[in-house]
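Visitor: Hi! I'm new to this one and would like a friendly walk through it. Could you put it up on the screen?

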Amino acid sequence: MKDLDPATRDNERTGAWVKSEQQVRREATRRKRALRSGSLATASTVVFLVLILWGVTASPGWPRVQETFFNPEAFVRALPDVLDGFLLNIKIFLIAEPLILLVGLLVAMVRSLKSPIFFPLRALAIAYVDIFRGVPTILVIYLVGFGLPALELQGVPTDLATLGIIALTLSYGAYVAEVFRAGIESVHPSQRSAARSLGLTHGQSMRYVVLPQAVRRVVPPLLNDFVSLQKDTALVATIGPLEALRQAQIHASGTFNYTPYLVAALLFILLTIPMARFTDYLAIRSQRRRGQ
Amino acid sequence: MTDPLLRVEGVWKHYHRHSVLRGIDLEVRPHEVVCLIGASGSGKSTLLRCVNMLETIDDGSIFLDGREITDPDVDEDEVRRRIGIVFQAFNLFPHMTVLDNITLAPRKVHKVGRAQAEEHARDLLARFGLADKAGAYPDRLSGGQQQRVAIIRALATQPRLMLLDEVTSALDPALVKEVLGIVRELKEGEMTMILATHEMSFAREIADTVCFLDGGVLRERGTAEQIFTDPRDPRTRDFLRSVL
Ligand SMILES: Nc1ncnc2c1ncn2[C@@H]1O[C@H](COP(=O)(O)OP(=O)(O)OP(=O)(O)O)[C@@H](O)[C@H]1O
Ligand SMILES: [Mg+2]
């Protein structure tokens, strides 16, 4: 309480703090300015949207496009099935996500092991990342979806959605492992020496000092990967489970109207937007923290 | 004369082809305070890092409590448990509160219960005037406070030997005083310490023994009084003349 500035101390002596006229004026100006920039943003958005809408609908092919892509009847007809399929997308996503985090973290930690005993493990981890980052996700889905069951091994799942989850986990696990590894390497080496010098073992330093800092730093890029995972669940359609895109395909092929695809697209957007905004929010927050 | 707590014998350390330590010999008795002085780059930090096994030495040997710790079969983690080190930069863990920073090693390494570890930590914080900072994160502390927490963190494991590497170098004069106060208290508590420092007046006040390092060679070693009033080696004389 000794570092208060003179004005505050003055107010303490006289009792309650009364907002000075200067401050009242300042706040009024600020409010006015906020209001003005708010209405400016709204106005410019409206003008912008109207221009785009006008541009599209004035084009010569518009009536045909409207009929095949924006048909309200087809929309309503497809909605229940596509929505039903979309629940499978969400399920695939919710199961794959924690698996991916686990695989990614394990692989990243194996790669950080320095001891020569772990050389085979480390080599395996590097090979895994190199292979699955290089092969397009859709190919991994084909290979796992058609290849695994063809082996006719005992215990290999035959459920198409499960195979899709395995494929997505393999593919995304490699990316996420690299994200984690970058996070681990971004923690300054002095943090590790400080931990080791306190007597913590390699494992303990990793667990209590390095990983907590690394994970915090990689949350925004991880969320970004998950936004992309959410829509890539649609790639699983290629091996056949009845998820949103597959349902839309079925509807579209029956009627030669593409509106069902629009339904699927809208559902995916509705799912990814909140995640994207959340990512932005976290990024801004961590930036602000670092700025302090 | 008591057996030395630490004995450094003919230690060499190279980085690439550059020799940073060139056959260092040093003995530290229990409760002795040794100050390492010398120009920037003379190898003070490197020597401390070698003693704490953060660097592998290239020749020679180091004994702690009569046991060779540079033996490849020795358990490094076990050795580090007996030595506390505080670095030039503070190196607190930014994601943990002050209290968690201090209790991490006692709890995880020395297997002390949480309640007991926290009680000990709060005692130490109170002793060094930081009682109200237990719940704060390091980025909310001043430099002097951070460095004091770093020292307390090293102390909390009750080390046999404390290594302090220029613990005041990143601080302004007012904060330097705070941190030196804590070191003075450690000396009164009979802690064995090796300090690398550029604070000559402080070295003179606190050291039992002063060692002058020059280009990785221990040029001169003597009592604080002798080194500062009657340096024998011409290099020591030049160095002291340039900094005093
Ligand atoms: N990891 C490293 N790799 C290569 N060279 C290094 C490394 N660490 C230290 N050195 C070199 O070793 C020499 C001694 O460094 P050291 O940090 O021990 O000096 P110092 O006496 O502590 O200096 P200061 O007073 O500036 O802290 C310097 O020339 C430095 O460049
Ligand atoms: Mg140094």
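Visitor: Thanks! Where in chain B does B:His16 lie?
Guide: B:His16 lies in the loop between strand S1 (6–15) and S2 of chain B. Keep in mind as we go that this is a predicted model.

Visitor: Is B:His16 buried or exposed?
Guide: B:His16 is exposed, as its relative accessible area is 80%, and over 50% counts as exposed.

Visitor: And what about its phi?
Guide: Phi of B:His16 is near 55°, which is a positive value in a residue other than glycine. B:Glu190 also has a positive phi, near 65°, and is likewise not a glycine.

Visitor: Where is B:Glu190, then?
Guide: Look at the loop of chain B between helix H6 (173–188) and strand S8 (192–196). B:Glu190 counts as partly exposed there, with 49% relative accessibility.

Visitor: New topic: where do I find B:Glu32?
Guide: B:Glu32 sits in the loop of chain B that runs between strand S2 (18–28) and strand S3 (33–37).

Visitor: Why does B:Glu32 count as buried?
Guide: Because its relative accessibility is 2%, and buried means under 20%.

Visitor: What does B:Glu32 touch?
Guide: Not counting residues up to four places away in sequence, B:Glu32 touches B:Glu27, B:Met191, B:Thr192, B:Met193, B:Asp208, B:Thr209 and B:Arg221.

Visitor: And which backbone nitrogen does its side chain reach?
Guide: That of B:Arg29, at 2.7 Å from the side chain of B:Glu32.

Visitor: Let's move to the ligand. Which residues come nearest to ligand 1?
Guide: There are 14 residues around ligand 1, and those that come nearest are B:Ser40, B:Gly41, B:Lys44, B:Ser45 and B:Thr46.

Visitor: What lies 2.8 Å from B:Gly41?
Guide: An oxygen atom of ligand 1, with the distance taken to a polar backbone atom of B:Gly41. The backbone of B:Ser42 also has an N or O atom 3.2 Å from a ligand 1 oxygen.

Visitor: How about the side chain of B:Glu166?
Guide: An N or O atom in the side chain of B:Glu166 is 3.1 Å from an oxygen atom of ligand 1.

Visitor: Now the two chains. How many residues are in contact between chain B and chain A?
Guide: On chain B there are 23, in contact with 18 residues of chain A. About 1700 Å² is buried between the two chains, and carbon and sulfur atoms give 58% of that area.

Visitor: How many salt bridges are there between chain B and chain A?
Guide: The count is one. A:Arg196 pairs with B:Asp77, and their closest N and O atoms are 3.0 Å apart. Six residue pairs in polar contact are also found across the interface.

Visitor: Which parts of chain B supply the side that touches chain A?
Guide: Helix H2 (76–81), strand S6 (83–86), helix H3 (98–108) and helix H5 (143–155) of chain B each supply at least two residues. By class, that side of chain B has twelve nonpolar, seven charged and four polar residues.

Visitor: Last one: what is A:Gln204 in contact with?
Guide: Leaving aside neighbours within four places in sequence, A:Gln204 is in contact with A:Gly199 and A:Val209, as well as B:Lys108, B:Val109 and B:Lys111. A:Gln204 is found in helix H9 (residues 202–232) of chain A and counts as buried, at 16% relative accessibility.

Notes:
Residues numbered from 1 in each chain as written. Chains lettered and ligands numbered in written order. Predicted model: local features only at pLDDT ≥ 70, side-chain atom pairs only at ≥ 80, totals over all residues. Heavy atoms only, no water. Helix = DSSP H or I, 4+ residues; strand = E, 2+ residues; numbered from the N terminus. Buried < 20%, exposed > 50% of the residue type's maximum accessible area, 1.4 Å probe, protein only. Polar contact = N/O pair within 3.5 Å; in protein donor to acceptor, adjacent residues only side chain to side chain. Contact = heavy atoms within 4.5 Å. Buried area = accessible area lost by both parts, 1.4 Å probe. Salt bridge = Lys/Arg side-chain N within 4 Å of Asp/Glu carboxyl O. Nonpolar A, V, L, I, M, F, W, Y, C, P; charged D, E, K, R; others polar. Near = heavy atom within 4 Å.
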